[in-house]
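Reader: Here is a structure I would like to go through term by term. Please set each label against its cut-off.

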Amino acid sequence: MEVIAAVAAGAIASACQNAVLSSWLVSICPQRDYVKELGDRLSRHAHIYTPGSDDFKTATTRWSVAHAPEVKLVVVPSIENDVAETVKYANELGMPYLALNGGHGAIKTVEKMKGGIEIWMHQLNGVEISEDGARAKIGGGAKTKTVIDALWAAGKQTVTGLCECTSILGPGLGGGHGILEGHYGLISDQFVSMNIVLADGILRTIDESSEMWWAMQGAGHNFGIVTSVTLKTYDIIYRDWAYESFIFTGDKVESLYDNINNHLLKDGSQPVEIMHYSFFFNNPEVDPTNPLIMFFILQEGNMVVDPTYTTPFHELGPISTDGEGGSFLDLATWTGNDNNSPPCQKAGLVNYRFPINIESYSVPAQRQVYDLFASATKETPALNGSFFLFEGYATQGVKAIPSESTAYPFRSDNLLIAPVINYAGGDAEIDKKAVELGENLRRILHEATGREEMHTYVNYAYGEETKQNMYGYEQWRQDKLLELKNKYDPQRKFSFYAPIA
Ligand SMILES: Cc1cc2nc3c(=O)[nH]c(=O)nc-3n(C[C@H](O)[C@H](O)[C@H](O)COP(=O)(O)OP(=O)(O)OC[C@H]3O[C@@H](n4cnc5c(N)ncnc54)[C@H](O)[C@@H]3O)c2cc1C
Ligand SMILES: *[C@@H]1O[C@H](CO)[C@@H](O)[C@H](O)[C@H]1NC(C)=O
């Protein structure tokens with residue numbers, strides 16, 4: 001009897017050590033010492049954080065507190081191979097995992113990760129510029145500001161987001177919009193090669209000759225963890241930039257968006273040196289009854305924005321204006337996207353976005369969404385810190401790349417729009433209103449396009465959008481994505497962020 005018991009115990013112990021744990025084994029296996037077991041496999045400067053520690057708290061604090069994944073363990077790799085070791089170990093245990101970078105991803109689907117490992121990428125933040133200056137290899141956890149500054153010091157630039165605190169790859173794997181896209185295309189259009197840990201835990205180098213390369217440029221979150229990426233870099237052509245900003249009252253909605261259509265967007269032929277954006281927001285000290293509209297025009301290559309662009313907006317009678325000249329490096333601060341600005345703070349709020357891409361403004365629809373934003377944020381004061389963002393990048397560089405050549409599906413759209421509904425959280429009634437408001441605002445803009453398709457930028461998605469909304473309506477795109485997913489991630493290890501399947 002004793003012998004048999006010992007054999008059985010030995011068999012169970014070895015099953016507990018080696019097997020992918022089926023649920024019955026989990027219940028009988030002694031609690032494994034993850035920290036010790038995984039720690040032994042990682043490099044010297046890697047970290048593991050467990051619940052209850054301050055580091056764990058920092059590592060799991062996100063921009064939006066809603067729909068957070070449930071993290072059991074945080075691993076902070078310090079070399080690329082640490083990511084591979086972590087994935088292999090998690091696979092052995094049957095534990096889920098998810099990369100975390102700048103923590104600004106807020107899509108609802110990530111909440112499906114329960115009891116998993118968060119792989120916090122921030123130590124992999126190197127920037128190495130190639131000898132000829134045409135490429136830079138950056139770590140899989142490098143943030144926008146790190147990359148902009150390192151390249152700038154070498155007289156170089158590439159396409160990055162405007163916000164200093166998001167990563168390159170969080171946005172980039174889903175396309176990635178940024179200030180230089182009018183020249184060079186999306187962030188993902190800059191990818192030359194990458195090191196990636198696939199679902200089997202093996203670290204591979206892939207480039208355009210790889211079958212899955214197409215998918216990494218627009219649907220990349222679905223296929224692996226990128227531990228480094230080599231990007232195209234360019235000589236800085238224009239160091240100078242200028243901005244002018246305007247604040248308008250709500251009675252100017254029609255004339256403002258009509259002006260943007262006629263003087264800036266110009267049927268998709270917006271000058272490459274111009275970027276504009278606006279947002280609705282409440283500021284009761286300035287206007288106690290209605291939201292205001294903040295509007296920015298940014299221009300490359302000038303120290304003052306050319307009056308050809310700004311005069312039509314001055315003529316509308318803004319309640320205030322501002323402006324300055326400086327360099328490319330000032331853009332984040334001017335627009336409130338630097339590391340010290342509100343969007344970069346993890347302020348404990350719920351943040352929901354409901355994105356839609358369109359080609360130009362419908363003036364009547366802009367009035368309708370303004371009025372709805374005004375009435376809803378008045379009726380529900382808890383939502384009155386929300387804003388409604390309308391971004392207008394120059395698009396020549398994006399459109400110059402053939403649509404079918406990458407998984408990014410929406411190259412012909414000109415405007416990137418999203419209400420950002422935020423509130424303190426914790427009230428189901430308000431939560432429902434927040435989602436309703438976001439969906440209704442988006443629906444109005446969609447109906448006004450007159451098109452059946454609704455295009456939603458994957459990186460702004462709320463999480464209930466369809467695959468067609470995020471990855472394109474062409475059946476061949478859906479088929480191709482699914483085929484690649486079946487081949488490279490058959491067990492759906494990378495299906496928490498905007499999953500294809
Ligand atoms: C304030 C703010 C500003 C923004 N500005 C821009 C902008 O200028 N341009 C733009 O295109 N978008 C922008 N976005 C949207 C942005 O693309 C997404 O929010 C994106 O998810 C943020 O990336 P992150 O690294 O901060 O987020 P995280 O939450 O850390 O990452 C998001 C997801 O990306 C995946 N991921 C991250 N790193 C890796 C990796 N190395 N390998 C594989 N998968 C990885 C994971 O699935 C993760 O869940 C902005 C968002 C906010 C909130
Ligand atoms: C939001 O509503 C609260 C409560 O009515 C009010 O005190 C606050 O000033 C409002 N804030 C904004 C930005 O409108």
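Reader: How many aromatic pairs does the structure hold?

Author: The structure holds 28 aromatic pairs. Rings of Phe, Tyr and Trp (its six-membered ring) pair if their centres lie within 6.5 Å; planes under 30 degrees apart are stacked, over 60 edge-to-face, and the rest tilted. The model is predicted: local features need pLDDT of at least 70, side-chain atom pairs need 80 or more, and totals for chains, interfaces and linings use all residues. Side-chain values use heavy atoms, without hydrogens and water.

Reader: Why is the pair of Trp 214 and Trp 476 called tilted?

Author: The centres of Trp 214 and Trp 476 are 6.0 Å apart, with 50° between the planes. Trp 214 is in helix α9 and Trp 476 in helix α17 (residues 475-488), 262 residues apart. Helices here are DSSP runs of H or I with at least four residues, strands are runs of E with at least two, and both are numbered from the N terminus.

Reader: What makes Trp 214 buried and Trp 476 partly exposed?

Author: Buried means under 20% relative accessible area, exposed over 50%, partly exposed in between (1.4 Å probe, protein chains only). Trp 214 has 8%, so it is buried. Trp 476 has 37%, so it is partly exposed.

Reader: How do you know that Lys 480 lies over the face of Trp 214?

Author: A charge sits over a ring if NZ of Lys or CZ of Arg is within 6 Å of the ring centre and within 35 degrees of the ring normal. Lys 480 is 4.4 Å from the ring centre of Trp 214. Lys 485 likewise has its charged end over the ring of Phe 223, at 5.9 Å from the centre.

Reader: Why does Asn 222 count as buried?

Author: Its relative accessibility is 0%, so Asn 222 counts as buried. Asn 222 lies in the loop between α9 (213-216) and β10 (225-232).

Reader: What makes the link between Asn 222 and Tyr 471 a polar contact?

Author: The term needs a pair of N or O atoms within 3.5 Å; within protein, one must be able to donate a hydrogen and the other to accept it, and residues adjacent in sequence count only if both atoms are side-chain atoms. The side chains of Asn 222 and Tyr 471 meet at 3.2 Å. A polar atom of the Asn 222 side chain also lies 3.1 Å from the backbone oxygen of Ala 498.

Key: Residues are numbered from 1 along each chain as its sequence is written. Chains are lettered from A and ligands numbered from 1 in the order in which they are written.
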